[in-house]
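Thanks for making time this morning. Please have the sequence and the model in view while I talk.

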Amino acid sequence: MILLLFGPPGSGKGTQARLISQWLGIPSVSTGDLLRAEVASGSPLGQQLESLLAAGQYVPDALVNQIVIHQLERSTNGMILDGYPRTEEQAEFLKKALADRNIREPIAVHLEVSDTAIVARLGARRVCPKCRRVFSLVQNPPKQAGFCDDCDTQLTTRTDDTPETVLQRLRTYAELTAPIFAHFHNSLPINGNQKPENVFYEIQEAMAQVPEWVSQNTRLGISPTSCTT
Ligand SMILES: [Zn+2]
């Protein structure tokens, strides 16, 4: 099963991706992380990506598509796509790529958060550079200040979390990403203006209303109500 997780920057998408991944036992694949890994590698492609990301611009569709399909082919049990598709062209590409591989149409979960809440959250976001776990100094601070709970690595801020870049990303998200929910049959809006555990509960409840998902996972013995965080 493919689950698409949508939300503007600062919507808590990374935290929900981790919770859903633990719940369903499928990997969460963030295109942002894939792109940053390419940048960190210092390859010519990475250098090209770096200047695009620093300017808050989107990476060309064809390039992102290539990276995602590579992941799709390696994830036989399904996966959570975090941050993809980001344009209508990518959405159509993904639908065709899944159909070509006889994979069921994905469930699209979108976190809806007000701009003011996002602005308040962004200055507080920290990420573990090693295991990619995301913390918020306000909502879910690490147990030891500045260090990851899971692997004890020093936490960092993302280079694309500066205020100017964030404002550009919010505008781009509204223009490009919001219209693509309509491309998917199972599109679930979730209220992201609440605590992470409540957002996660709402996601589980919403997915329990999707008949195809319920029938598939009843056979696998997975029930939304049997899960705790
Ligand atoms: Zn870590």
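Predicted model: local features only at pLDDT ≥ 70, side-chain atom pairs only at ≥ 80, totals over all residues.

What share of the contacts in the chain between residues at least 6 apart in sequence join residues at least 24 apart? With contact meaning heavy atoms within 4.5 Å, that share is 68%.

Residues are numbered from 1 along each chain as its sequence is written, and side-chain values use heavy atoms, with hydrogens and water left out.

The chain folds into nine helices and seven strands, taken as DSSP runs numbered from the N terminus (helices H or I, at least four residues; strands E, at least two). Of its 229 residues, 47% are buried, where buried means under 20% relative accessible area with a 1.4 Å probe, protein chains only.

Searching the whole structure gives two aromatic pairs, that is, rings of Phe, Tyr or Trp (its six-membered ring) with centres within 6.5 Å, counted as edge-to-face when the planes are over 60 degrees apart. The ring centres of Phe 6 and Phe 181 lie 5.1 Å apart with planes at 65 degrees, so this pair is edge-to-face. Because Phe 6 belongs to strand S1 and Phe 181 to the loop between helix H7 and strand S7, the pair ties together parts that are 175 residues apart in sequence. Phe 6 is buried at 2% relative accessible area, and Phe 181 is buried at 12%.

For Trp 23 and Phe 200, the centres are 5.8 Å apart and the planes at 85 degrees, so that pair is edge-to-face.

Key:
Buried < 20%, exposed > 50% of the residue type's maximum accessible area, 1.4 Å probe, protein only. Phe/Tyr/Trp six-rings, centres within 6.5 Å; stacked < 30°, edge-to-face > 60°.
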